[in-house]
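Please keep the sequence and the structure at hand while reading.

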Amino acid sequence: MKVEQIYTGCLAEAAYYIESAGEVAIIDPLRESKPYIERAEKDNAQIKYVFETHFHADFVSGHIDLSNKTGATIVFGPTAQPAYPAYIAEDGEEFKVGNIKIKVLHTPGHTMESSTFLLIDENGKENAIFSGDTLFIGDVGRPDLAVKSDLTQEDLAGLLYESLQNKILTLPDDVIVYPGHGAGSACGKNMSKETTDKLGNQKRFNYALQAKSKEQFVKEVLTGLVTPPQYFPKNAVMNKMGYANVDEVIAKGTQALSPAAFEAASNEENALVLDVRAAKDFAKGFIPNAINIGLEGQFASWVGTLITDLQQPILLITEEGNEEEAVLRLSRVGYDNCIGYLKGGFEAWAAEGREIDTVNTISAEDFVDKFSKDNTHKAIDVRRKSEYDSEHVIGIENAPLDFLNNYMASIDRDATTYVHCAGGYRSMIAISILKARGFENLVDVTGGFSAIKATNKLKLTDYVCPSTLL
């Protein structure tokens, strides 16, 4: 028996490859099919099942394409109603994969169809659970994503409590927990950086499992939740209703366009120009009105948070060789309408003498000198509210990137405004959005709050350990 966790850091998502006696089960695959098919071919094995723990909200699963390419059966837990062929399992039903079994445990709460898959090894021992968004390492799934007119977040939290108590915590302590996500995912508020653990440890140390009553559990898991990213319900619909073939999406998005064709497509298609280069490179020169979201960070989740239309035509500016990776990452969160990329990158655009823009930057040391002498300088901190509340520079206001539109009207267009985040990734995103909206007097503080704090020259609020990382 082989169990492999395939972890994708930029989405904080874990898929799983399970092989026994030439048969394979895949759990919660990402959009692309190739890695799973190649992995099975390496073992000379056949993918038999694709198990889905629930209709994912934070990414588009690859279950449909993987099933179409391999003939594998898609399996959901009870109550799921997908708009394509799939097997809807009963609670407690077992599936044979080689010499092992995978048992369905219906665990509603995160969503109503959420299920945990229990791995029973060759010897009949309960070996591991693939808990999806029901149980994380250090946390549990947020119960506010599947709210309906007849179902409140309190109702869902109560169901989650019962699922954990009756289906998960009754299992042996040595069962391995393989969750759907790790730290950085917005599907939970306080997840560990660890991506697997023994259930016994979670029984002892996971805050959500210490509640003495359902009422206490409901209160604790709902405290600190913020509005989920706007793309979550849209991705859930795609996972339920179906989506375009990813190979076709990639073929369309990786069309190379000359600078002239790129400009024409931008105008004719009303396309958003998305520059995925590193923030420091973007600052040195970019196409006016382009938005910078760097591939090196949590690219897909920030695209999903900030670009509200999944059908928005997108034109890409990338480093050479990163075009397909960018299109793939967009498709993972449902942005299937990338229509091409700038051949030769930004350098090709600049070489033709076309209009460019730049971002003014300032070192943390120079910013601190200015701010310490005159704290009337305008400055905004675009980190999440939880980060800001934990510790920030006294006198600098919070304008979280994920809610930047709510704060835009309060930013003085005429005054020079210094912008920082934790390290520089998000501040450049914010500046690019603001510049595209006509704000010109913006300066990026290089190195962000980390560099500012390291100077030890500005007064900070007392550090408070954040109760949520959302």
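With which residue does K203 form a salt bridge? The partner is D173, and the closest N and O atoms of the pair are 2.8 Å apart. The model is predicted. A search of the whole structure finds 26 salt bridges, 0 disulfides, and a largest nonpolar core of 92 residues.

**Salt bridges**

- R39 forms a salt bridge with E4, with 2.5 Å between the closest N and O atoms.
- Because R39 belongs to helix α1 (residues 34–42) and E4 to strand β1 (residues 2–8), this pair ties together parts that are 35 residues apart in sequence.
- R39 is buried at 15% relative accessibility, whereas E4 is partly exposed at 28%.
- R39 and E4 also belong to a network of salt bridges that links them with K2 and D43.
- D381 and R383 meet through their side chains in a salt bridge, at 2.8 Å from N to O.
- D381 is buried, with 0% relative accessibility, and R383 is buried as well, with a relative accessible area of 5%.

**Nonpolar cores**

- Within the core of 92 residues, L274 and L316 have the most contacts.
- Helix α16 (residues 425–436) supplies the largest share of this core, 7 residues.
- Another core, of 24 residues, lies apart from it and includes I168, L171, V177 and F217.
- Leaving aside neighbours within four places in sequence, L274 is in contact with I291, I293, F299, V303, I314, L315, L316, I317 and L330.
- In soluble globular proteins, nonpolar side chains tend to be buried together.

**Cysteines**

- The structure holds 0 disulfides.
- For C10, the closest cysteine sulfur is that of C187, 14 Å away, which is too far for a bond.
- For C338, the closest cysteine sulfur is that of C10, 16 Å away, again too far for a bond.
- A disulfide requires the two sulfur atoms to be within 2.5 Å.
- C10 is buried, with a relative accessible area of 14%, and C338 is buried, with a relative accessible area of 2%.

Definitions and conventions: Residues numbered from 1 in each chain as written. Predicted model: local features only at pLDDT ≥ 70, side-chain atom pairs only at ≥ 80, totals over all residues. Heavy atoms only, no water. Core = buried A, V, L, I, M, F, W, Y, C linked by side-chain atoms within 4.5 Å. Buried < 20%, exposed > 50% of the residue type's maximum accessible area, 1.4 Å probe, protein only. Helix = DSSP H or I, 4+ residues; strand = E, 2+ residues; numbered from the N terminus. Contact = heavy atoms within 4.5 Å. Salt bridge = Lys/Arg side-chain N within 4 Å of Asp/Glu carboxyl O.
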